[in-house]
Amino acid sequence: MAAAVLGVAVPVIRGLVAQGILHTTAEYRNGFSKLLPAVDVQCFAEGYVATSVLAKRFHLDCGSLARYLKESGTPMLGILLPDPGNYYAFFLHKDVAAQIQVPSRRMLREAAERRIVAARKKRVFVKSCG
């Protein structure tokens, strides 16, 4: 239910709980799923929007959008996912999300191409110096 309200996957909810942003109730529940106070989930949903939700809304790649926002200095809430690997889910405060200019696919592609060229130049420089 919390995942549906926020528009994210269940591991993201687990990450929010693990970081203490959302809290489980004391009531026991069998299995992996835990009860979360609806008011806490609603309060978080009123304040934040997942970058994955924005990416879907504007038909963009989620990872590319998050990277673009990070590189542009946009303040984001990063949630480490409890699954193996260092994967993060990112959220924007709704006030920030309302003010940003969402990039086009073309802008994201051009930014990726610039990163690739810079990485290649860096490798060539390191090889020639080493």
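Why does threonine 74 count as buried? Threonine 74 counts as buried because its relative accessibility is 15%, where buried means under 20% relative accessible area, exposed over 50% and partly exposed in between, with a 1.4 Å probe and protein chains only.

Before we go on, a word on the model: it is predicted, so local features need pLDDT of at least 70 and side-chain atom pairs count only at pLDDT 80 or more, while totals for chains, interfaces and linings use all residues. Residues are numbered from 1 along each chain as its sequence is written, and side-chain values use heavy atoms, with hydrogens and water left out.

Threonine 74 sits in the loop between α5 (62-71) and β2; helices (H or I, at least four residues) and strands (E, at least two) are DSSP runs, numbered from the N terminus. Leaving aside residues up to four places away in sequence, threonine 74 touches Leu69, Leu92, Val96 and Ile100, a contact being heavy atoms within 4.5 Å.

Leu69 leads us back to α5, where Leu65, Ala66 and Leu69 are buried. These residues lie on the same side of α5 because they cover an arc of only 95 degrees around the axis, taken from the directions from the helix axis to the C-beta atoms. After α5 comes glycine 73, with a positive phi near 85 degrees.

Leu92 takes us to the strands. In β3, leucine 92 is the bridge partner of valine 49. Strand β1 (residues 48-50) pairs with β3 (residues 88-93) in the antiparallel sense over 3 bridges; two strands pair if DSSP finds at least two bridges between them. Strand β2 (residues 77-80) also runs antiparallel to β3, joined by 4 bridges, with leucine 80 opposite tyrosine 88.
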